[in-house]
Amino acid sequence: MFSPRVLKSASSFICRRFSTSQMCLQGKAPDMAEGNTFLLVSNVRNRLREIVGASTNWKDHQQALAERTSLSQYLAQSQEELPAKTMKDSAIEAHLPLGTQPALRETYLNYHNSVRFGRILEDLDSLAVLICYSHTWNKELKRSPLSIVTALVDKIEKNIIYPDCDIKFTGHVTWVGKTSIEAKMHMSQYHDGAYTDVLDATFVMVARDPENKRAAFINPLKLESPEEEAIFQQGEINKKRRVELSTASLLKVAPTAEERTLIHNLFLNTLDTRTVSFRGRILPPNSVWMEDAKMKGLEICHPQERNIFNRIFGGFLMRKAYELGWANACAFAGCRPALVAVDDIVFRKPVEIGSMLLLSSQVCYTEGMHIQVRVHTEVLDPLTRQHSTTNVFHFTFRVEKDIPAVVPQSYGESMLYLDGKRHFDETMRSQG
């Protein structure tokens, strides 16, 4: 079994070796830092529109969707019909010149003069889609018949991002199923004369037909070296882990004996010892009721935030969820939090243009200087008043002081508490 460090090095080697050869597919733009030519992040979404034939004007979107319907005839009836692709076929290098383009830098800064991580999440989402289209690209067709959309995002752990230094993204496909595909990306930043690591991100995408109604087959992956086999096996491990986590979800099975004991002890710590009653509850010192650690938001989904399939862009949803989660952690702690990790973002349902998107952020677990925040997003149909869950996000933040404990009162809040603790413990294990 290869260690994560070996897998990371192997994956980075693939990106460095083959990214330049792929630039003919993505287009070229100057890299100010090193004088080479590479794809700019700002051009990624334009390239995606070209690949699928998406409209650039909202008024033309219905016509563009109708034209894509005819591409169904080019879909493979089985994966065996499609040629195998290698990891190098999907390798991409893209640059975000924050250091050399001050006007661009302004769009990525917050009022503290630090980089808005929500914008980075948007860029990662677009790049992951482009990587997957590079893997499935058929040079004999002018447009791709596939609709590739984000299914989930695995854990992202980040280091410091400097506001005035150029950023480089590299990535490629690391695992392929029949209709799903995993893309891994590495982000580094040019600082003190060299590129230093910032984060690694793993996205899982699914392929659909041109109308985004049913699953579609994608090209198998051809492995060319022991390093690539190790990377692919890690993708298999990731898939197995996701299945295990889903199976053990508190929405499906009861908490473990240890977790039940923890919740009961929390309950006992909140009982009023002056009364012989289960109803008399008091808040322990240096604690906050979970009910008082919430923050909510509303977004009306306008065409400006649409993706290439005329639904709301997944990166936009990630940015809005992250910003609400950050604001909630900031209000809870009374100081600016720093992001430690993004964990298991699940895209359950697409968000249509014109939707009313409700975002609900909850501080669900705290430990020492860390805050675990869960953001739940749902679409409200104003005609039927029905709510449909679209996404669930998990964020781990850290502050520079000890913070109050968050305490559940109801059984539902207790399950949120345990779920938050599970995500926090997994983040700490991965960092240890």
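**Close-up views of the nonpolar core and aromatic contacts**

**View 1. Phe395 and Phe397, a buried aromatic pair.** In this predicted model, Phe395 and Phe397 are both buried. Their rings form a tilted aromatic pair, with 6.2 Å from centre to centre and 40° between the planes. The two residues also belong to one aromatic cluster, which is made up of Phe117, Tyr322, Phe393, Phe395 and Phe397.

**View 2. The largest nonpolar core and the surroundings of Ile371.** The largest nonpolar core holds 97 residues, of which Phe117, Ile120, Tyr133 and Ile371 touch the most other members. Helix α6 (residues 117-136) contributes the largest share of this core, with 11 residues. When residues up to four places away in sequence are not counted, Ile371 touches residues including Phe332, Val363, Tyr365, Phe395, Phe397 and Ile403.

**View 3. Tyr365 and Phe424, an aromatic pair between distant parts of the chain.** The structure holds eight aromatic pairs. One of them joins Tyr365 and Phe424 in a tilted arrangement, at 5.6 Å centre to centre and with 45° between the planes. This pair links distant parts of the chain, as Tyr365 lies in strand β14 (residues 356-367) and Phe424 in helix α10 (residues 411-431), 59 residues apart. Tyr365 counts as buried because its relative accessible area is 6%, under the 20% cut-off, and Phe424 is likewise buried, with a relative accessible area of 3%.

**View 4. Arg45 and Lys168 over aromatic rings.** Arg45 lies over the face of Phe313, at 4.1 Å from the ring centre. Lys168 lies over the face of Tyr195, at 4.1 Å from the centre of that ring.

Methods
Residues numbered from 1 in each chain as written. Predicted model: local features only at pLDDT ≥ 70, side-chain atom pairs only at ≥ 80, totals over all residues. Heavy atoms only, no water. Core = buried A, V, L, I, M, F, W, Y, C linked by side-chain atoms within 4.5 Å. Buried < 20%, exposed > 50% of the residue type's maximum accessible area, 1.4 Å probe, protein only. Helix = DSSP H or I, 4+ residues; strand = E, 2+ residues; numbered from the N terminus. Contact = heavy atoms within 4.5 Å. Phe/Tyr/Trp six-rings, centres within 6.5 Å; stacked < 30°, edge-to-face > 60°. Lys NZ or Arg CZ within 6 Å of the ring centre and 35° of its normal.
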